[in-house]
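Thanks for coming. I will go through one structure, with the terms defined as they come up.

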Amino acid sequence: MSRIVAENTLQGEESVQFYDQRVQPMEMSQASAYSSPTLGQLLKRVGDVRKEVTGDETPVHQVLDMSDPGIQQNSLPFVLSFNNLTYSVKVPRKMTFPTIFRRPVAGTAAATGDPVAGENLFTRTKVLLDNISGEARDGEIVAVLGASGSGKSTLIDGLANRIAKESLKGTITLNGEPLDSRLLKVISAYVMQDDLLYPMLTVEETLMFAAEFRLPRTLSKSKKKMRVQALIDQLGLRNAAKTIIGDEGHRGVSGGERRRVSIGIDIIHDPIILFLDEPTSGLDSTSAYMVVKVLQRIAQSGSIVIMSIHQPSYRILGLLDRMLFLSRGQTVYSGSPMNLPHFFADFGHPIPDNENRTEFALDLIRELEGSPGGTKSLVEFNKTWQNTKRQSNQNCEIATPTHGLSLKEAISASISRGKLVSGTTSDHTSPASMVPTYANPFWIEMTTLSKRSFTNSWRVPELFGIRLGAIVVTGFILATMFWQLDNSPKGVQERLGFFAFAMSTTFYTCADALPVFLQERYIFMRETAYNAYRRSSYCLSHALVSLPALIFLSFAFAAITFWAVGLDGGFSGFMFYFGIILASFWAGNSFVTFLSGVVPSVMLGYTIVVAILAYFLLFSGFFMNRDRIPPYWIWFHYLSLVKYPYEAVLQNEFDDPTKCFVKGIQMFDNSPLGSVPIELKEKLLSTMSNTLNVKITGSTCVTTGADILVQQGITELSMWGCLWITIAWGFFFRVLFYFSLLLGSKNKRR
């Protein structure tokens with residue numbers, strides 16, 4: 001393998017001799033024949049043997065002997081080159097009175113009238129990358145090192161297309177050809193520094209779901225399972241395969257195992273290029289070494305591995321092929337770990353024999369950064385040293401590492417040997433057109449997302465139990481508080497209060513949907529950044545997964561309160577009451593879901609939800625009828641989500657024209673005359689009848705349900721119209737949620 005060969009080469013020529021031995025001019029077919037096995041090939045080997053012996057493709061756990069002479073150890077040539085990468089950002093300038101009123105010094109840009117580009121009184125330009133150049137080859141691990149703030153993660157982000165093109169200057173090529181962003185998404189993977197995983201899924205399930213997303217549907221279920229099993233063995237996770245990932249409340253795998261699972265998710269499709277941001281951060285020495293050992297095996301299978309690392313141990317140093325030291329965005333060393341002693345000896349700071357090379361180099365860089373001249377001398381020396389080395393290599397007339405193969409030919413050769421199994425084909429004219437945007441169709445993505453979400457939430461039943469408990473307790477309190485309301489004027493007022501509280505409660509109880517996406521946001525951003533699935537698939541899946549719980553909660557609340565309160569309408573009235581509560585839950589859940597897509601934190605989200613829902617209730621028409629709301633606030637009345645379900649349940653209750661709610665002397669109940677004796681009320685009623693010339697007796701119906709609706713200002717929409725508008729609000733907020741994901745989850749620096 002590449003590392004084995006590199007260790008036997010001379011200082012200063014290790015990478016040159018390595019490629020001289022590994023790659024000689026030959027035809028593309030020969031390159032394919034002498035390439036190292038990918039996971040796809042190993043899986044095919046296992047599957048073919050299994051099928052020949054047993055007649056089926058059921059995956060079995062086998063250890064593949066990599067020393068098998070039938071498996072060639074050379075890989076296809078891929079070279080990722082980056083030249084003069086420059087990236088700067090504008091940061092606020094610290095403002096103080098002395099700096100504002102200080103006169104410019106003669107000779108400066110301000111004094112001569114030529115301000116620095118991108119700078120003004122309030123902002124200044126900070127250079128994060130300054131003309132960084134280098135290359136990475138398949139079969140090698142390239143490590144980017146430096147102190148905090150040196151530009152390690154920024155460089156990884158730039159190479160992984162996580163910085164906007166208009167902001168990143170310079171060129172990035174693969175085999176000498178510009179790297180299209182669409183192509184890069186499919187042939188590469190990016191492992192974030194944080195382990196973003198679903199806590200209640202097992203290691204095997206996590207990798208299997210990743211396989212469902214990244215591997216095409218043309219690959220059989222058994223083949224996907226075999227790939228997952230082979231990957232578990234490659235990652236050294238066999239003993240933890242059936243263990244859940246875990247979180248603060250559930251014990252799961254160790255930190256090193258979590259990191260390897262994170263790597264496994266992103267290499268499930270066997271990418272050509274693998275980027276990692278601090279993969280050993282937070283791990284002990286043994287776990288960190290095991291992670292880098294896994295990365296070495298991935299590189300040896302024919303991948304380019306580029307990672308940032310803070311301070312590798314001596315053992316990890318032995319696994320690295322190339323190192324790139326950065327200091328304040330500039331390159332201070334680029335080359336093999338073996339050349340570090342020679343480089344610093346020539347610089348005048350030899351590395352003692354008993355010291356770790358990287359620790360010495362980083363300490364020296366920090367020391368120079370604190371000196372008046374900074375690392376300028378080391379940067380200039382590195383340029384001279386690299387030029388000398390480059391001229392030496394040119395004199396040796398080393399063959400081109402890529403064999404002269406174009407990018408399309410190299411990818412075609414990779415496809416032919418199973419390197420990329422994400423649905424690529426080799427019958428296209430350009431490299432970008434050889435790879436599909438997504439591995440699976442829309443409906444498979446949605447099914448897989450729904451299954452994963454159900455599996456993760458099903459194992460935490462207490463969350464749904466708490467929500468159900470809140471609904472049941474609220475319903476029980478309302479049922480006993482408003483038990484069997486009568487049809488008197490007071491009963492009417494009590495019904496209005498019940499409906500207003502019940503409808504607003506359905507929206508407030510939806511606030512628990514807020515942390516759902518906030519907890520999944522970075523998982524979503526990681527997966528969609530490399531086209532694991534469509535954003536539209538996630539939105540629809542998110543809505544479908546929430547529906548069963550909403551239906552159950554709506555039915556429970558409706559069943560507890562409808563007959564206990566004594567609402568009208570019989571079974572048909574109950575079904576509409578259940579439907580409008582379900583529509584309210586749907587609209588509220590969609591509204592909160594949309595907010596979760598735009599707010600950065602749970603606490604801020606809860607504050608906004610509570611405030612807006614309070615405004616919805618205020619303008620719903622319960623506290624003030626529509627015709628009494630000031631004209632400059634009437635628009636909020638029509639935006640209120642509580643308005644439509646509130647008006648719908650009122651119409652469902654009071655729409656019966658034959659039902660009377662105020663008879664005869666009951667008209668005095670809500671007036672100062674309500675406390676006078678009944679005999680006096682009857683005399684007053686008789687006097688009114690004579691005066692108005694209308695016969696009004698104690699049994700005469702004065703106010704029907706239709707009159708109550710008119711009194712409440714509910715005359716514009718029917719109850720079915722209110723129902724459909726409530727449902728439409730839910731869909732509207734789901735569409736807004738989709739656009740918030742589309743615009744707010746690019747995961748790119750500007």
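Let me start with a definition: buried is under 20% relative accessible area, exposed is over 50%, and partly exposed lies in between, with a 1.4 Å probe and protein chains only. This is a predicted model, where local features need pLDDT of at least 70 and side-chain atom pairs count only at pLDDT 80 or more, while totals for chains, interfaces and linings use all residues. Residues are numbered from 1 along each chain as its sequence is written, and side-chain values use heavy atoms, with hydrogens and water left out.

Take Phe623 first. Phe623 counts as exposed because its relative accessible area is 54%. Phe623 sits in the loop between helix H24 (602-618) and helix H25 (634-639); helices here are DSSP runs of H or I with at least four residues, strands are runs of E with at least two, and both are numbered from the N terminus. Leaving aside neighbours within four places in sequence, Phe623 is in contact with Leu617 and Leu618, where contact means heavy atoms within 4.5 Å.

Now the opposite case. Lys224 counts as buried because its relative accessible area is 5%. Lys224 belongs to helix H10 (residues 221-235). With neighbours within four places in sequence left out, its contacts include Met208, Glu212 and Arg217.

For the chain overall, 52% of the 750 residues count as buried. The secondary structure amounts to 29 helices and 12 strands. Among contacts with a separation of 6 or more, 79% are between residues 24 or more positions apart.

Next, the cores. A nonpolar core is a set of buried Ala, Val, Leu, Ile, Met, Phe, Trp, Tyr and Cys residues joined through side-chain atoms within 4.5 Å. Which residues have the most contacts inside the largest nonpolar core? They are Ile273, Phe275, Ile306 and Tyr577, in a core of 114 residues. Helix H23 (residues 570-596) gives the most to this core, 13 residues. At least three residues of this core come from each of domain 1 (79-90 + 122-382) and domain 2 (460-658 + 717-745), the bounds being from an automatic or database domain assignment. Apart from this core lies another, of 62 residues, among them Leu231 and Phe347.

On a 1 Å grid over the protein atoms alone, a cavity is a set of points where a 1.4 Å probe fits but cannot get out; a pocket is an open set with protein on both sides within 12 Å along at least five of seven lines; lining residues have an atom within 4 Å of a point. Grid points are joined across faces, edges and corners, and a volume is the space filled by probe spheres set on the points.

The largest pocket holds about 1,500 Å³. Its lining has 43 residues, with Asn456, Ser457, Leu463, Val516 and Glu520 nearest the centre. H22 supplies the largest share of that lining, eight residues.

There are five cavities of 30 Å³ or more. The largest cavity holds about 160 Å³. Of its 15 lining residues, Ala210, Ile265, Arg452, Arg526 and Glu527 are the closest to its centre. H9 provides the largest share of this lining, five residues. Domain 1 and domain 2 each give at least three residues to the lining of the largest cavity.
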